[in-house]
Amino acid sequence: MAKRDYYEVLGVEKNASADEIKKAYRKKAIQFHPDKNPGDKQAEENFKEAAEAYDVLSDPQKRQRYDQFGHAGVGGASQGGGFGGGMSMEDIFSQFGDIFGGHFGGFGGFGGSRGGRRVNRGSDLRVKVKLNLKEIANGVEKKIKVKKYVPCSHCHGSGAEGSEGVKTCDTCKGSGVVTRIANTILGQMQTQTTCPTCGGEGKIVVKKCTECNGEGVVRDDEIITINIPAGVAEGMQLSMNGKGNAARHGGINGDLLILIEEEPHPELIRDENDLLYNLLLSVPQAALGATVEVPTIDGKAKLKIEPGTQPGKVLRLRNKGLPSINSYGTGDLLVNVSVYIPETLSSTEKETLNGLENSPNFQPNKTMKEKIFSKFKHFFD
């Protein structure tokens, strides 16, 4: 099923401010919160959908890519969809839990994480992918090898050597936060801060894994399959959620950001979704007409040149350009006609042309002069 527009999901306008987006998400999060809708799968999906929308619209860079390229700009390369579809409820609470305030307790077993326990997040990775016009026109699947941090296979990402290598933090009792009560002139004030002993993780590694030295991650190569949609453009950035670096101690993986680069075509020039080609005709072809072949993305196409075709005329081949990434149609192939005038002539050729010099058909008429003048009139204004 096609994703809904993120602005529609949160019920805000496209020019909404960051504060308006945050307020709208908080309202949706409270409306569809699992504690308020126990057992309601649709409410849970709506909750995840709102989190996905907020993840994109609250980030200026992601929002810019979304406004320009739609869903493909922020998750088009991902097979699993966007933020909400690729992360658990615990992940959402750990990322955006501060927005919910004190309205609800935890969701199932996730209350501790949301209440203050810090969940590590891996860093994002950026890669460049070069595409030719054919790959851009049809979409393509690319397999790339990425050097990245992955969970340690020996300790399964915990950083501890065996089950006895990790223990619950004595300071915060596993909550990740410490609570302090201070007496003030206004009465007792209660504050919560990140536990200084465990750094908010709620646990302490007492015996480090011998493979990763207690980090929970190691450097390794990973083959990642990227599905690139048709119609992408130079400079566009796609993202794959959870395909970046793994986090220490079993946290949330970062994202893989894919920067698109276009390989120049030897004959065609891209102009947004249109393609441009400069066709060079001989004088006889332009005067008498001809059938010529022009390059396209998929090969060659035959093009009929009418007799008397003038230099500068643009011929249009419908739907021979590139598709729009938002499925708004396909561009055209625009063929700009140029006529080659030979620099050297044989005596026979000169004699032939001299014989045609005074022919009325070879003299530019008034209508033609007016057309040329109107075409370049703006240069003289």
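**Strands E11 and E15**

I began with strand E11 (residues 274–282) and strand E15 (residues 333–340), which pair in the parallel sense over eight bridges; helices (H or I, at least four residues) and strands (E, at least two) are DSSP runs, numbered from the N terminus, and two strands pair if DSSP finds at least two bridges between them. The model is a predicted one, in which local features need pLDDT of at least 70 and side-chain atom pairs count only at pLDDT 80 or more, while totals for chains, interfaces and linings use all residues. I note also that residues are numbered from 1 along each chain as its sequence is written, and that side-chain values use heavy atoms, with hydrogens and water left out.

Looking up individual partners, I found that Leu275 has Leu333 of E15 as its bridge partner, and that Leu281 stands opposite Val339 in E15.

I traced an open sheet of four strands in the order E10-E11-E15-E14, with mixed pairing. Its edge strands are E10 (269–271) and E14 (314–317), each of which pairs on one side only. Direction ignored, neighbouring strands of this sheet are turned by 35° against each other on average (axes are lines fitted to C-alpha atoms, for helices over the stretch in contact, and angles run from 0 to 180 degrees between N-to-C directions).

On the other pairing of E11, I recorded that E10 and E11 pair in the antiparallel sense over three bridges, and that Arg270 has Leu275 in E11 as its bridge partner. E10 and E11 form a hairpin with two residues between them, and Glu272 in the turn has a positive phi of about 55°.

**Thr309**

I next looked up Thr309, which lies in the loop between strand E13 (299–305) and E14. Thr309 has a relative accessible area of 9% and is therefore buried (buried means under 20% relative accessible area, exposed over 50%, partly exposed in between, with a 1.4 Å probe and protein chains only). Its side chain reaches the backbone oxygen of Glu306 at 2.5 Å. Leaving aside its neighbours within four places in sequence, Thr309 is in contact with Ala286 and Val337, contact meaning heavy atoms within 4.5 Å.

**Helix H3**

I checked the length of helix H3 (residues 41–57): at 1.5 Å a residue its 17 residues should span 24 Å, and the end C-alpha atoms are 24 Å apart, which agrees; the expected span is 1.5 Å times one less than the number of residues. The helix is mostly covered, with 13 of its 17 residues buried. At its start, I found a side-chain oxygen of Asp40 within 3.1 Å of the backbone nitrogen of Gln42 (a polar contact is a pair of N or O atoms within 3.5 Å; within protein, one must be able to donate a hydrogen and the other to accept it, and residues adjacent in sequence count only if both atoms are side-chain atoms).

**Salt bridges**

I counted a salt bridge where a side-chain nitrogen of Lys or Arg lies within 4 Å of a carboxyl oxygen of Asp or Glu, and by this rule the count comes to 18. Arg4 forms one with Glu49, the closest N and O atoms being 3.0 Å apart. Arg4 lies in the segment before helix H1 (6–10) and Glu49 in helix H3, so the pair ties together parts that are 45 residues apart in sequence. Arg4 counts as partly exposed at 37% relative accessibility, and Glu49 likewise counts as partly exposed at 22%.

I found a further salt bridge between Glu222 and Lys148, with the closest N and O atoms 3.0 Å apart. This pair links distant parts of the chain, Glu222 in strand E7 (residues 217–228) and Lys148 in strand E2 (residues 140–151), 74 residues apart. Glu222 is partly exposed, with a relative accessible area of 22%, whereas Lys148 is buried at 3%. I also noted a network of salt bridges that links Asp55, Lys62, Arg121, Asp124 and Asp255.

**The whole chain**

Finally, I noted 12 helices and 15 strands in the chain, and that 39% of its 381 residues count as buried. Among contacts between residues at least 6 apart in sequence, 66% join residues at least 24 apart.
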